[in-house]
Amino acid sequence: MPFELPALPYALDALEPAISARTLEFHHGKHHQAYVTNLNNLIKGTPLESQSLDAVIRQSAGNAAQAGIFNNAAQVWNHSFFWHSMKKGGGGTIPAALGKRLQDDFGGVDAFKQAFTQAGLTQFGSGWAWLVAGTDGKLKVVKTANAETPLTTTDTPLVVCDVWEHAYYLDYQNRRGDFLKAFLDNLIDWEFAAANMG
Ligand code: MN3
């Protein structure tokens with residue numbers, strides 16, 4: 001059964017003004033859809049067709065002959081995770097358990113935001129900024145290039161921000177830092193991040 005574009009967990013205009021309906025329309029309806037379509041075309045008639053998305057990502061990772069499959073599969077997964085990393089009225093109260101971890105592992109919410117912003121700003125070219133939990137249980141910020149995803153590592157992703165230009169260019173032009181500030185202050189779904197701590 002081919003993979004399908006998951007519906008957005010909110011209306012196209014739900015994240016305005018931080019992210020416009022026009023950006024979401026293109027980002028979800030065109031970019032995310034294209035990754036789904038490309039993936040389905042690439043795995044058609046192969047054994048990967050019957051695998052889960054996670055399995056396709058893990059099996060194609062690091063295999064140069066399957067770079068196209070990996071890139072599209074990982075981008076399908078990363079974008080679905082990104083939509084759920086945000087909500088209307090996000091950036092509010094942090095669940096106590098997560099707040100304590102941010103305090104213990106970063107020195108506080110502001111220090112976390114600074115580290116996350118720095119990761120997003122210094123990801124040269126296209127990529128992603130993530131809050132993850134390591135196998136030692138400690139929270140940390142990582143950045144990945146292009147389609148790379150913590151799914152292929154031992155880290156557990158908690159929340160992500162897409163820093164590809166298509167994520168913010170219509171609303172912020174070249175101002176990636178302003179987009180990251182809006183993500184952290186007005187969009188981030190702390191409950192989603194906390195739930196992913198397990
Ligand atoms: Mn994107």
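Select L187 in this predicted model; L187 belongs to helix 7, which covers residues 176-187. L187 has a relative accessible area of 1% and is buried, since buried means under 20%. To see what surrounds L187, show its contacts beyond the neighbours within four places in sequence: L15, A18, I19, S85, M86, K87, G90, G91 and A182.

Next, select helix 6, residues 165-172. Which of its residues are buried? The buried ones are H166, A167, Y168 and Y172. Step just past the end of helix 6 to Q173, where the backbone has a positive phi of about 50°.

Go back to H166 and show the manganese ion. Which protein atoms are its donors? They are NE2 of H27, NE2 of H79, OD of D162 and NE2 of H166, and they lie 1.9 to 2.1 Å from the ion. Along the sequence, these donor residues follow the spacing H-x51-H-x82-D-x3-H. Two of them, H79 and D162, link distant parts of the chain, being 83 residues apart. H79 sits in helix 3 (residues 67-84), while D162 sits in strand 3 (residues 156-162).

Colour helix 3 by burial: the helix is mostly covered, with 14 of its 18 residues buried.

Now move to Q123, in the loop that runs between helix 5 (109-122) and strand 1 (127-133). Although Q123 is in a loop, its relative accessibility is 8%, so Q123 counts as buried. Zoom in on the side chain of Q123: one of its polar atoms lies 3.3 Å from the backbone oxygen of S126. Setting aside neighbours within four places in sequence, the residues in contact with Q123 are W128, K143, T144, A145, V163 and R176. R176 is in helix 7, the helix that also holds L187.

Finally, zoom out to the whole protein. How many helices and strands are there? The protein has 8 helices and 3 strands. Traced from the N terminus, the order of elements is α-α-α-α-α-β-β-β-α-α-α. The radius of gyration is 16 Å, close to the 16 Å given by the globule rule for 198 residues, so the protein is as compact as a globular protein of that length. Along the principal axes, the C-alpha atoms fill a box of roughly 50 × 40 × 30 Å.

Switch to a surface view to end the tour. The protein exposes about 9,300 Å², and carbon and sulfur atoms supply 53% of that area. Of the 198 residues, 47% are buried. For contacts between residues at least 6 apart in sequence, 67% join residues at least 24 apart.

Conventions
Residues numbered from 1 in each chain as written. Predicted model: local features only at pLDDT ≥ 70, side-chain atom pairs only at ≥ 80, totals over all residues. Heavy atoms only, no water. Donors = N, O, S within 2.8 Å, 3.2 Å for Na, K, Ca; no water. Helix = DSSP H or I, 4+ residues; strand = E, 2+ residues; numbered from the N terminus. Buried < 20%, exposed > 50% of the residue type's maximum accessible area, 1.4 Å probe, protein only. Polar contact = N/O pair within 3.5 Å; in protein donor to acceptor, adjacent residues only side chain to side chain. Contact = heavy atoms within 4.5 Å. Rg over C-alpha atoms; globule rule 2.2 N^0.38 Å. Areas by Shrake-Rupley, 256 points an atom, 1.4 Å probe, with all protein chains shown as cover.
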